[in-house]
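Q: Could you take a close look at the charged side chains in this model and tell me which partners they meet? I would like to know what surrounds them too.

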Amino acid sequence: MSAPQSRRPTLHSLGLDAVRLASRIEESPVLLGLTDDMPRFERTIPRHGTDRFAVILFDPAGGTRLLVEVQLADADAGQLDRALDLWAAEHTRLPVGHRLVLAAEHIPADVAHAAASARATAPVELLELRAERTGSIVNVYGEPVPLRSGDGPAPALPGAPGALP
């Protein structure tokens, strides 16, 4: 899947927290690398806990809404449950195309397996958050994680790095 998380700097170790990351995603949603175009920010949904939030974006080129459930550190089953609840609520509220993205610094194998199973219900995608410091700038970007189901790999997400000052 990916290199062990301990070999990469964490968002916290680079001075980032969920509030700052949410603000930067609002300013520049392209940093997640979810589309080839510039998605539009709709809203942030605060979550209980200091390192969790969700954002809703709109991809005008694809005509779809992107429901991104973000958690700093490792993804877990609770994050997947929150994401599926968000997808069900938003899909009912606004019956248009939705993509559901689970974003965390690391996607453990058990969460990837559960997400693959959840694809029978919702279009789940996985994204690992990466951060690197270059001088005083912290670059943050999303890296797609292949999600295998009975039908083969999920479609790859295009990557697009973004910078945080």
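**Salt bridges and their surroundings**

A: Let's start with E90 and R43, whose side chains meet in a salt bridge at 2.6 Å, N to O (a side-chain nitrogen of Lys or Arg within 4 Å of a carboxyl oxygen of Asp or Glu). This pair links distant parts of the chain, since E90 sits in helix α2 and R43 in strand β1, 47 residues apart. Helices (H or I, at least four residues) and strands (E, at least two) are DSSP runs, numbered from the N terminus.

A word on the basis: this is a predicted model, in which local features need pLDDT of at least 70 and side-chain atom pairs count only at pLDDT 80 or more, while totals for chains, interfaces and linings use all residues. Residues are numbered from 1 along each chain as its sequence is written, and side-chain values use heavy atoms, with hydrogens and water left out.

E90 is buried, at a relative accessible area of 4%, whereas R43 is partly exposed at 31%. Here buried means under 20% relative accessible area, exposed over 50%, and partly exposed in between, with a 1.4 Å probe and protein chains only.

R65 and E42 also join their side chains in a salt bridge, with 2.7 Å from N to O. R65 belongs to strand β3 and E42 to strand β1 (residues 40-46), so this pair ties together parts that are 23 residues apart in sequence. R65 is buried at 1% relative accessibility, while E42 is partly exposed at 35%. Together, E42, R43, R65, E90 and R93 are linked in a network of salt bridges.

A further salt bridge joins the side chains of R130 and E143 at 3.3 Å, N to O. R130 is in strand β5 and E143 in strand β6, 13 residues apart, and again distant parts of the chain are linked. R130 counts as buried at 6% relative accessibility, and E143 as partly exposed at 32%. The count of salt bridges comes to 10.

A polar atom of the R8 side chain does lie 3.2 Å from the backbone oxygen of E105.

Now back to β3, the strand that holds R65. Nine of its 11 residues are buried, so β3 is largely enclosed by the rest of the structure. Two strands pair if DSSP finds at least two bridges between them; β2 and β3 do this in the antiparallel sense over eight bridges. In that pairing V55 stands opposite V68 in β3. Eight bridges also join β3 to β4, and these two run parallel. From β3 the chain crosses through helix α2 (residues 77-93) to β4, and this β-α-β crossover is right-handed (with the strands pointing away from the viewer, the path from the first strand over the helix to the second runs clockwise).

Q71 is another residue of strand β3, buried with a relative accessible area of 5%. Its side chain reaches the backbone oxygen of D74 at 2.9 Å.

Key. Polar contact = N/O pair within 3.5 Å; in protein donor to acceptor, adjacent residues only side chain to side chain.
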